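Me: I have a structure to read and some terms to learn. Can we go through them one at a time?

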Amino acid sequence: MPLTIEHHAVMFALLAKHAIEISGEKGKEAILAGMTRYGNERGRRMALNALERGDKLTVLNSQAYGEWKPDFPGQMEFGITCGTPILHTYIAKCAWCDAWAKHGLTEYGKYYCCNIDNAWFQGFNPEFTCTQLNPPMSWGGDCCRFSWGEGLTHKQIKALNKKKKSLGNACIKDFTFHTAHILHTVGDVLMEELGNDGAMAVSLARSDYSDMFGKDALDCLDGIF
């Protein structure tokens, strides 16, 4: 069953909702730890894809080897604000934020935005750091702005666009995969950190998700991880 960003966003928010409702501050700490592990794992997959193709783990290649794309044109709005001396990017329209708002889950979904970009960036190369330049949209910001620690010249930005075009969809994972990944990894961390309370949070999140999207949308996640 093909899933979308909405499924991915809601799965995370439901895990966060039940972890926090059951365990309070400990639940919040666990969900942040889970999101960071998830991002690190995503970044490591991106790095392996780059290395397998003979590419170095540079900032340029970190931007080229993304694992997802919007569900349809116009769903997201993002780009580069400046390349030098430091690469800065922005997101002005976010499908994750739209999904959380649609389902009344922004208060929980927003924890995804605390460190996800830095987590995958450091998973790609532990020497890198991504810095949020303002509060993200899910936390009340007008847009999301990021600094990637190093600059890209105009020539390198052209090379980045060429690299993205040459890769096409070769490294893209669909949102059935990504939703299964977030359930598996964040769910594991919740159970490790919170024990039986974590297991209850995962069970409740799965049940709510199934009620919202249907049993098939849950069953299709089984066996991927």
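Reply: Start with strands. Helices (H or I, at least four residues) and strands (E, at least two) are DSSP runs, numbered from the N terminus. Two strands pair if DSSP finds at least two bridges between them. A hairpin of five residues joins strand 1 to strand 2. This is a predicted model: local features need pLDDT of at least 70, side-chain atom pairs count only at pLDDT 80 or more, and totals for chains, interfaces and linings use all residues. Residues are numbered from 1 along each chain as its sequence is written, and side-chain values use heavy atoms, with hydrogens and water left out.

Me: What makes strand 1 and strand 2 a pair?

Reply: Strand 1 (residues 77–82) and strand 2 (residues 88–93) share five bridges, in the antiparallel sense. At least two are needed, so they pair.

Me: Why is C94 called buried?

Reply: Buried means under 20% relative accessible area, exposed over 50%, partly exposed in between (1.4 Å probe, protein chains only). C94 has 10% relative accessibility, so C94 counts as buried. C113, at 11%, counts as buried too.

Me: Why is the pair of F121 and W148 called edge-to-face?

Reply: Rings of Phe, Tyr and Trp (its six-membered ring) pair if their centres lie within 6.5 Å; planes under 30 degrees apart count as stacked, over 60 as edge-to-face and the rest as tilted. F121 and W148 are 4.8 Å apart, centre to centre, with 85° between the planes. F121 lies in helix 5 (residues 116–124) and W148 in the loop between strand 4 and helix 6 (154–167), so the pair ties together parts 27 residues apart in sequence. F121, at 0% relative accessibility, is buried, and so is W148, at 4%.

Me: What makes K110 a charge over the ring of W139?

Reply: The rule asks for NZ of Lys or CZ of Arg within 6 Å of the ring centre and within 35 degrees of the ring normal. K110 lies over the face of W139, at 4.0 Å from the ring centre.
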